[in-house]
There are 2 protein chains.
Amino acid sequence: MRNAKRARPHFRLDESLLTGLPPFSKLDSRQIREILDQASARRYDEGSAVFEEGRSAERFFMLLDGYIRVVRISPSGEQVIVMHIPGGQLFGIAKALGHTTYPATAVTAAESLALSWPTRLWDTFVAQYEGFSTETYKTVGTRLGEMNNRIMEMATQQVEQRIANAILRLVNQTGRKVEGGIEIDFPITRQDLSEMTGSTLHTVSRTLSGWEKHGLISSGRKRITVCDPHRLVLLSGATG
Amino acid sequence: MRNAKRARPHFRLDESLLTGLPPFSKLDSRQIREILDQASARRYDEGSAVFEEGRSAERFFMLLDGYIRVVRISPSGEQVIVMHIPGGQLFGIAKALGHTTYPATAVTAAESLALSWPTRLWDTFVAQYEGFSTETYKTVGTRLGEMNNRIMEMATQQVEQRIANAILRLVNQTGRKVEGGIEIDFPITRQDLSEMTGSTLHTVSRTLSGWEKHGLISSGRKRITVCDPHRLVLLSGATG
DNA sequence: GCCCTACTTTGCGCTGGGACAACCAAAATA
DNA sequence: TATTTTGGTTGTCCCAGCGCAAAGTAGGGC
């Protein structure tokens with residue numbers, strides 16, 4: 001999202017925005033133009049809600065730049081981070097999965113830029129644009145697999161391993177090379193990590209402190225840099 | 001599956017098998033005939049594997065009768081039950097989600113009957129049969145939602161609540177009315193429940209014993225009857 | 001520069017529930 | 001019927017990690 005910041009204000013709805021993104025990769029210039037013409041673009045500040053759980057799913061979205069955090073609130077009021085969505089992916093596609101309302105809330109984890117279309121266009125997109133449907137469902141499949149892995153982790157692993165996994169996942173999705181390691185490219189708090197792992201900010205803080213002492217990571221306020229990915233992988237409980 | 005038992009041996013691949021099942025509900029007699037002609041049917045004993053995690057996804061399946069348990073093994077060798085699939089649903093549809101191998105193992109939780117088709121027919125089905133794709137993805141959406149709920153539970157709830165939720169889910173999917181309550185309609189062990197909730201068979205046993213003392217459930221070897229669904233719902237932590 | 005708020009760290013006590021172990025009971029098998 | 005196997009119960013111990021509390025620190029806003 002650092003780039004988007006520079007690109008604004010008044011960026012153009014340019015074809016190059018969509019060209020190459022999986023759901024649109026098989027389309028020609030004219031088709032992409034068509035799709036863009038029907039889109040509305042919007043910038044979101046860090047921490048703002050794009051849509052909320054339970055609301056009628058009026059639109060679906062393509063995240064061009066930034067980072068989306070999908071969250072749900074438990075009956076007892078605790079927030080759980082269900083997943084993170086990196087730039088270049090569709091989200092809020094309730095329609096594709098037979099829902100009429102959003103099943104979770106989408107909040108930006110960083111300043112973000114997204115296109116959106118009215119949900120009624122979904123069927124048109126599926127019918128008219130080659131590869132759109134297939135690629136979309138690949139994404140859905142990937143997300144399903146990730147959630148599956150989360151369930152496995154929660155069922156079998158200790159908190160320390162789950163934190164390691166959460167961090168590694170973020171680093172893989174969004175790691176930015178920096179002197180001394182790879183940094184997670186958006187602000188992330190101990191609280192956030194606890195909401196991703198089903199733990200508490202206290203335990204997360206203790207764990208990270210421990211890792212920092214041993215040189216595995218280096219961290220600061222809302223910032224985590226992985227210095228020794230290899231040892232973190234070992235900790236995460238992966239076999240091999 | 002009790003009915004299947006009676007229906008065999010030598011049941012016929014009759015149109016009525018598929019008529020009315022969501023993915024085929026919009027098709028006419030001829031189309032269903034077409035689909036059936038390409039299917040192979042097979043009966044599975046309780047506890048047998050239909051397909052295994054990691055194997056090439058050669059076929060996709062429709063469970064006609066019985067119950068499928070989707071399981072994965074963690075790196076440390078523990079088994080986790082990811083979900084249960086009731087009769088009337090497609091499963092093993094890796095292709096639909098962009099996978100070429102099965103992402104988990106499917107084991108029958110009871111004697112079962114399933115049709116299957118070669119994966120290469122998937123695209124044909126999607127292209128030729130109205131509603132097939134839409135209905136399939138509705139199912140996928142539902143499953144995604146359920147996994148989402150599992151994650152929420154694991155992140156925020158105590159073991160007792162998770163066990164209550166697991167049992168309620170099974171009862172809703174497959175509850176059979178019986179004198180004194182509603183019974184889960186296939187054999188289920190304490191171990192199974194622990195693999196569904198990320199707990200241990202010891203804790204599950206203790207919990208069920210407690211509930212039985214208070215008249216919430218009545219249970220036996222591989223059998224659970226819910227006597228007081230309402231109080232179980234309260235325990236499960238649902239709000240309202 | 002200063003304050004104030006939002007993060008973070010750390011100590012301490014407590015407990016849910018996992019690990020281990022022993023025993024019991026019902027099915028399956030012979 | 002005897003034997004073995006598989007599933008269930010229960011007791012004891014113990015520790016990972018949560019809850020609570022208190023204090024430290026870095027940014028953002030003015």
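In this predicted model, a polar side-chain atom of Arg221(A) sits 3.2 Å from a base nitrogen of DNA strand C. A base oxygen of DNA strand C is 3.1 Å from an N or O atom in the side chain of His202(A). For DNA strand D, the elements giving two or more residues to the nearby surface are α7 (201–213) of chain A and α7 (201–213) of chain B.

**DNA strand C**

- There are 18 residues around DNA strand C, and those that come nearest are Arg190(A), Ser205(A), Val159(B), Ser199(B) and Thr203(B).
- Of the atoms of DNA strand C that come within 4 Å of the protein, 67% belong to sugar and phosphate.
- Ser205(A), one of the nearest residues, has a side-chain N or O atom 2.6 Å from a phosphate oxygen of DNA strand C.
- α7(A) provides the largest share of the surface near DNA strand C, with 5 residues.
- By class, the residues of the surface near DNA strand C are 2 nonpolar, 10 polar and 6 charged.

**DNA strand D**

- There are 16 residues around DNA strand D, and Val159(A), Thr203(A), Arg190(B), Ser205(B) and Arg206(B) come nearest.
- Sugar and phosphate make up 65% of the atoms of DNA strand D that come within 4 Å of the protein.
- Val159(A), one of the nearest residues, places a backbone N or O atom 2.8 Å from a phosphate oxygen of DNA strand D.
- Lys222(B) likewise has a backbone N or O atom 3.2 Å from a phosphate oxygen of DNA strand D.
- At the bases, an N or O atom in the side chain of Arg206(A) lies 3.2 Å from a base oxygen of DNA strand D.
- α7(B) gives the most to the surface near DNA strand D, namely 4 residues.
- The surface near DNA strand D has 1 nonpolar, 9 polar and 6 charged residues.

**Packing of α5 against α7 in chain A**

- Two packed helices are described by the angle between their axes and the distance between the axes.
- Helix α5 (residues 159–174) of chain A and α7(A) have axes that come within 10 Å and cross at roughly 75°.
- α5(A) and α7(A) are therefore roughly perpendicular to each other.
- From α5(A), Val159(A), Glu160(A), Ile163(A), Ala164(A) and Ile167(A) meet Thr203(A), Val204(A), Thr207(A), Leu208(A) and Trp211(A) of α7(A).
- The contact of α5(A) with α7(A) has 7 nonpolar, 2 polar and 1 charged residues.
- Val159(A) takes part in this helix contact and is also among the residues that come nearest to DNA strand D.

**Packing of α5 against α7 in chain B**

- The axes of helix α5 (residues 159–174) of chain B and α7(B) cross at roughly 75° and come within 11 Å.
- α5(B) and α7(B) are therefore roughly perpendicular to each other.
- Val159(B), Glu160(B), Ile163(B), Ala164(B) and Ile167(B) of α5(B) meet Thr203(B), Val204(B), Thr207(B), Leu208(B) and Trp211(B) of α7(B).
- Residues in the contact of α5(B) with α7(B) divide into 7 nonpolar, 2 polar and 1 charged.
- Val159(B) and Thr203(B) belong to this helix contact and are also among the residues that come nearest to DNA strand C.

**Relation between the chains**

- Two copies of a chain are related by a rotation about an axis and a shift along it.

Note on methods. Residues numbered from 1 in each chain as written. Chains lettered and ligands numbered in written order. Predicted model: local features only at pLDDT ≥ 70, side-chain atom pairs only at ≥ 80, totals over all residues. Heavy atoms only, no water. Near = heavy atom within 4 Å. Polar contact = N/O pair within 3.5 Å; in protein donor to acceptor, adjacent residues only side chain to side chain. Nonpolar A, V, L, I, M, F, W, Y, C, P; charged D, E, K, R; others polar. Axes fitted to C-alpha atoms, helices over the stretch in contact; angles between N-to-C directions. Parallel < 35°, antiparallel > 145°, perpendicular 65-115°, else oblique. Contact = heavy atoms within 4.5 Å.
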